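Good morning, and thank you for coming.

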Amino acid sequence: MKFGEFMQKWGVLIAFFALLGFNMVTQQKVFLNPDNLRNLFSQNCEVGFISIGMTLLIVSGGIDLSVGSLMALAGGVGILAMNKVIEGKGAEGAAVMAGVLASVAVGTVGGLVNGLLVTVGRIAPFVATLGGLLAFRSLTQALSDGGTINSLSTGAFENIASAGVPVPFIMGTNGKPLTVQFIVIAFVLAVVAATFLLERTPYGRRVVAVGANEKAALYAAVPVNQVKIVTYCLVGLCVGLAAVIGASKLNSVSSSSSGSFYELDAIAAVVIGGTSLVGGRGRVWGTLVGVLLLGMITTMLVASGVSIYWQGVVKGTIILLAVLIQRGQKSG
């Protein structure tokens, strides 16, 4: 195996363990804390869910720049639906369920719109979803009058992000069994489900075929447009779930900042994880490692006092390095 191929396949794991080792040496007591490792997963669940959908989409040859704005819209509509039920004297549990369903529905419909623009409208994915980035954000600002959409829930909605189950034999800093949030468990299960979907099902093989050579897939009787539309809908579904998690963490949605730049974080995680930007090849487990790697880097930058304005430079450099490694692997 050539060096380029080796780095493309295992580079993300090498980088992850190198960074893990660096953190263990420099801040052993803090970093090896089980709470810290648990928080690494829980703090990156929103980007993680979006990255899972983005992996499938990029493998199919597409891309979605609207996911951050769609997340804000889905979260905002979900809270408005929940508040409507609460104001109508409905049970809070039913209100939360209505909000969750509304968020997931808005996310999926947003993905469907993107899919139809790309397939029926024959608009390039970059352009179609760039329009969505602007339109979804504008809709959110119109719904909130440019402000924040606050939840009327008295606690049930926040429990979505905070509730969990204790892990036997692993103690947290409070001396009690470590509690792992349900959103972390759901994220890990989603990675397993997406891996199975991509690698073990006819749909997954069609996604790879479309991304590798769309014309050849069409000649092989693969329903290319159908595969693309379903994949965009799956991305929207993942965005809807991420919106529920993000909104429940803050019990509100900011029309200007919620989901901002999540599209870049998701694409970065996918590329760092070894999925080819030109489609036809990818792996969901690599995306999971990419999400955690970016999360660790962000934590390190924040802990080191690096300005948020410079953090984008670091992430952008990492994306460029990942793309250069991919290109080196192709030309090798």
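**The nonpolar cores**

The largest nonpolar core holds 47 residues, and I50, M54 and V239 have the most contacts inside it. By nonpolar core I mean a set of buried Ala, Val, Leu, Ile, Met, Phe, Trp, Tyr and Cys residues joined through side-chain atoms within 4.5 Å. Buried stands for under 20% relative accessible area, exposed for over 50%, and partly exposed for what lies in between, with a 1.4 Å probe and protein chains only.

At least two residues of this core come from each of α4 (45–59), α5, α6 (92–119), α7 (125–144), α9 (182–200), α10 (202–212), α12 and α13 (262–272). The largest share, 9 residues, is supplied by α4. Helices here are DSSP runs of H or I with at least four residues, strands are runs of E with at least two, and both are numbered from the N terminus.

Before I continue, a word on the basis: this is a predicted model, in which local features need pLDDT of at least 70 and side-chain atom pairs count only at pLDDT 80 or more, while totals for chains, interfaces and linings use all residues. Residues are numbered from 1 along each chain as its sequence is written, and side-chain values use heavy atoms, with hydrogens and water left out.

Which residues does I50 touch? Leaving aside residues up to four places away in sequence, I50 touches V67, M71, C238, V239, A242, Y262 and A266; contact means heavy atoms within 4.5 Å. Apart from this core lies another, of 18 residues, including I272, M296, I297 and I318.

**Two helix pairs**

Let us turn to α5 (residues 67–87) and α12 (residues 224–250), whose axes come within 8 Å and cross at roughly 60°. Axes are lines fitted to C-alpha atoms, for helices over the stretch in contact, and angles run from 0 to 180 degrees between N-to-C directions.

On the α5 side, V67, L70, M71, A74, G75 and I79 take part; they meet V235, G236, V239, G240, A242, A243, G246 and A247 in α12. The contact residues of this pair divide into 10 nonpolar, 4 polar and no charged. In this scheme Ala, Val, Leu, Ile, Met, Phe, Trp, Tyr, Cys and Pro count as nonpolar, Asp, Glu, Lys and Arg as charged, and the others, Gly among them, as polar.

The second pair is α9 and α10, with axes 5 Å apart and an angle of about 70°. These two helices are therefore roughly perpendicular to each other. L197, L198 and R200 of α9 make the contact with Y203, G204, R205, V207 and V208 of α10. By class, that gives 5 nonpolar, 1 polar and 2 charged residues.

**Burial and backbone**

Is α13 mostly covered or mostly open? It is mostly covered, with 9 of its 11 residues buried; among them are E263 and D265. Just after α13, G274 takes a positive phi of about 105°.

R122 also has a positive phi, of about 55°, although R122 is not a glycine. R122 lies in the loop between α6 and α7 and counts as exposed, at 72% relative accessibility. For D145, likewise not a glycine, phi is positive at about 55°. D145 sits in the loop between α7 and β1 (148–150), and its 73% relative accessibility makes D145 exposed.

Methods
Parallel < 35°, antiparallel > 145°, perpendicular 65-115°, else oblique.
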